[in-house]
Amino acid sequence: MEQLPEKPEKPLDSDCCGNGCVPCVLDIYAEELAIWERECARIQSGKNLEIPESTGTHDEYVSPELSSTVYHQYQIKSITQETWDSWRFTCQLGCHQCLGLLPGQHVVIRGCSEGKSITRQYTPISEVALKGSFELLIKVYEFGRMSQIVKQWQEGDWLDIRGPFGTLQYTPNEYSRVLMLAAGTGIAPMAQLIQTILSNEAEEGRIRLLYACKTYQDVLMKREIQEWRQFWNFSAVYVLSQEPPVGMASTSHYQYGEEIVPGKINKTQIENELGEQFHGTRVLICGTRSFDADMLKILEECGFPKEHVFRF
């Protein structure tokens with residue numbers, strides 16, 4: 001008989017940030033518990049779990065559709081290193097199949113560590129309309145529980161994924177300006193929306209990305225950001241908190257046209273970006289818990305309307 005899966009690990013009360021995330025980590029745990037109970041019942045009933053088999057040709061391969069309540073398996077096609085601590089994982093889909101996300105939506109990935117079922121939320125960075133594959137950009141932390149699992153992933157492995165999740169509503173030309181405040185891997189949901197807006201020739205909204213990282217070497221998706229800069233309605237600035245000042249270290253690795261500002265995103269910067277007229281502006285936030293809290297506080301101090309702010 002197939003071995004029973006490990007029971008999901010219950011999050012601590014402190015794992016909930018209290019900002020109304022959808023889904024909250026506590027909601028995910030409740031869903032995971034229900035899924036675990038169903039899987040245990042299936043195994044005890046003697047039913048087998050069928051894992052999709054690759055036929056060896058990309059055109060013939062068809063993967064299951066995403067489900068928010070049932071895990072399906074998707075195979076890792078390739079792995080490439082992005083930065084010293086981040087990797088891209090390309091997962092395979094059918095030749096004419098897309099993952100089925102809306103801009104800004106994410107998925108939940110499940111793994112097992114030390115006898116416990118571990119889940120984390122990730123936003124694919126590939127275009128939502130991309131067919132044949134999707135990309136995940138994942139940062140590996142030295143002591144992270146899920147990171148220890150991600151470190152072991154190899155090409156050909158199958159990932160347990162469910163979704164989609166996320167409540168962002170994107171309507172073309174609803175806003176004339178979109179200010180994106182991102183830190184680290186918070187670039188992922190921004191990337192989805194940026195690609196959606198830039199690929200729509202009828203979209204007239206302008207995108208401004210303020211991207212906070214420690215150093216230039218920590219900046220993710222440099223190639224894509226450089227390509228997005230070719231569009232009239234996109235611009236970005238890297239705000240680097242630990243980058244050596246000009247003159248103390250070589251800046252020859254910077255690319256032409258990049259805007260680089262030392263320090264952290266502050267109230268003065270955001271005030272300058274927002275200007276005096278808030279009408280027609282949407283602000284999106286995604287980063288660490290402390291980064292998000294700082295950005296929300298600054299926007300409140302600036303008097304920016306809460307109904308036009310979205311935190312991933």
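Me: Which elements do the buried residues of helix 6 pack against?
Reply: In this predicted model, the buried residues of helix 6 pack against strand 7 (177-183), strand 8 (206-213), helix 5 (267-274), strand 11 (281-286) and strand 12 (309-311). Pack here stands for contact, that is, heavy atoms within 4.5 Å.

Me: What are those buried residues of helix 6?
Reply: They are Phe-291, Asp-292, Met-295, Ile-298, Leu-299 and Cys-302.

Me: What span is expected for helix 6, and what span does it have?
Reply: Helix 6 covers residues 289-302, which is 14 residues. At 1.5 Å a residue the expected value is 20 Å, and its first and last C-alpha atoms are 20 Å apart, close to that expectation. After the helix comes Gly-303, with a positive phi near 80°.

Me: What makes strand 10 (259-262) and strand 12 edge strands?
Reply: The open sheet has six strands in the order 10-9-8-7-11-12, paired in parallel. Strand 10 and strand 12 each pair on one side only, and are therefore its edge strands. From one strand to the next, the twist averages 20°.

Me: How do you know that strand 9 and strand 10 pair?
Reply: Pairing needs at least two bridges. Strand 9 (residues 234-240) and strand 10 have four, in the parallel sense, so the pair qualifies. Val-239 stands opposite Val-261 in strand 10.

Me: Which strands does helix 5 lie across?
Reply: Helix 5 lies across strand 7, strand 8, strand 9, strand 10 and strand 11, and runs at about 160° to strand 7. Helix 6 also packs on the sheet, and its direction makes about 155° with that of strand 11.

Me: How do you know that strand 1 (residues 72-83) pairs with strand 2 (residues 86-92) and strand 6 (residues 158-165)?
Reply: The cut-off is again at least two bridges. Strand 1 has six with strand 2 and four with strand 6, so both count as pairs. Each pairing is antiparallel. Thr-83 has Ser-86 of strand 2 as its bridge partner, while Gln-75 has Trp-158 of strand 6. Strand 1 and strand 2 are joined by a hairpin through two residues.

Me: Why is Val-150 called buried?
Reply: Buried means under 20% relative accessible area. Val-150 has 4%, so the term applies. Val-150 lies in helix 2 (residues 145-150). Leaving aside residues up to four places away in sequence, Val-150 touches Phe-89, Tyr-122, Ile-138 and Val-140. Its C-alpha atom is 8.5 Å from that of Gly-111, 39 residues away along the chain.

Me: Which residues have the most contacts inside the largest nonpolar core?
Reply: They are Met-180, Leu-209, Tyr-211 and Phe-234, in a core of 31 residues. Helix 3 (187-198) gives the most to this core, with eight residues. A separate core of 23 residues includes Phe-89, Val-128, Met-146 and Val-150.

Me: What does Leu-209 touch?
Reply: Not counting residues up to four places away in sequence, Leu-209 touches Met-180, Ala-182, Ile-187, Ile-225, Phe-234, Ser-235, Ala-236 and Val-237.

Conventions. Residues numbered from 1 in each chain as written. Predicted model: local features only at pLDDT ≥ 70, side-chain atom pairs only at ≥ 80, totals over all residues. Heavy atoms only, no water. Expected span 1.5 Å × (residues − 1). Buried < 20%, exposed > 50% of the residue type's maximum accessible area, 1.4 Å probe, protein only. Axes fitted to C-alpha atoms, helices over the stretch in contact; angles between N-to-C directions. Core = buried A, V, L, I, M, F, W, Y, C linked by side-chain atoms within 4.5 Å.
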